[in-house]
Amino acid sequence: MKEKRILKFSEEGLRQLQFFMEGMSFPVAVAAYSEQDVGKLEYLVKMVDQGIIKGTGALCVWCIRQRISYQILFRVSIRSILKHPVRSYDDFRLQKILKRYQQQMIGE
């Protein structure tokens, strides 16, 4: 049986992977594939540490604007929906907002 991967990032060219958990409603992983991305990621870490960027939504919007790959680490399943319906709804709502924002960025 093939194992499911939690992280969906491509391993090819991956230079750095950063996890953000503290102060986030959902954990977020951010990937850097170039030297420029690594610099942006260092800047992001400083902004989160200083409290300039607060919360999962703000972090993901920043990643979209900077064209940096990110992944929210929350697995939606029937079990999680039944055990944590509000958290599952919040994740669904956040994913919808981020997808709409990403589409707007592509359209510009």
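Two strands pair if DSSP finds at least two bridges between them. Helices (H or I, at least four residues) and strands (E, at least two) are DSSP runs, numbered from the N terminus. This is a predicted model: local features need pLDDT of at least 70, side-chain atom pairs count only at pLDDT 80 or more, and totals for chains, interfaces and linings use all residues. Residues are numbered from 1 along each chain as its sequence is written, and side-chain values use heavy atoms, with hydrogens and water left out.

**Stop 1: the sheet.** Select S1, S2 and S3. They form an open sheet of 3 strands in the order S1-S2-S3, with antiparallel pairing. S1 (16–20) and S3 are the edge strands; each has a single partner strand, so one side of each lacks a neighbour in the sheet. On average, neighbouring strands are turned by 20° against each other, direction ignored.

**Stop 2: the bridges.** Zoom in on S1 and S2, joined by 5 bridges. Glutamine 16 stands opposite alanine 32 in S2. Leucine 17 has alanine 31 of S2 as its bridge partner. Move across to S2 and S3, an antiparallel pair joined by 4 bridges. Here alanine 29 has glutamine 71 in S3 as its bridge partner.

**Stop 3: strand S2.** Show the side chains of S2. Val28, Val30 and Ala32 point one way, Ala29 and Ala31 the other. In a regular strand the side chains alternate between the two faces of the sheet. 5 of the 5 residues of S2 are buried, so the strand is largely enclosed by the rest of the structure. Buried means under 20% relative accessible area, exposed over 50%, and partly exposed in between (1.4 Å probe, protein chains only).

**Stop 4: the core.** A nonpolar core is a set of buried Ala, Val, Leu, Ile, Met, Phe, Trp, Tyr and Cys residues joined through side-chain atoms within 4.5 Å. The largest one has 25 residues; Val30, Leu44, Leu59, Tyr70 and Ile72 have the most contacts inside it. S2 (28–32), H1 (35–49), H2 (56–66), S3 (69–72) and H4 (85–107) each supply at least two residues. H2 gives the most, with 6 residues. Centre on leucine 59.

**Stop 5: the loop.** Finish at arginine 67, in the loop between H2 and S3. Its phi is near 60°, a positive value in a residue other than glycine. Is arginine 67 buried or exposed? Arginine 67 counts as exposed, at 62% relative accessibility.

Definitions and conventions: Axes are lines fitted to C-alpha atoms, for helices over the stretch in contact, and angles run from 0 to 180 degrees between N-to-C directions.
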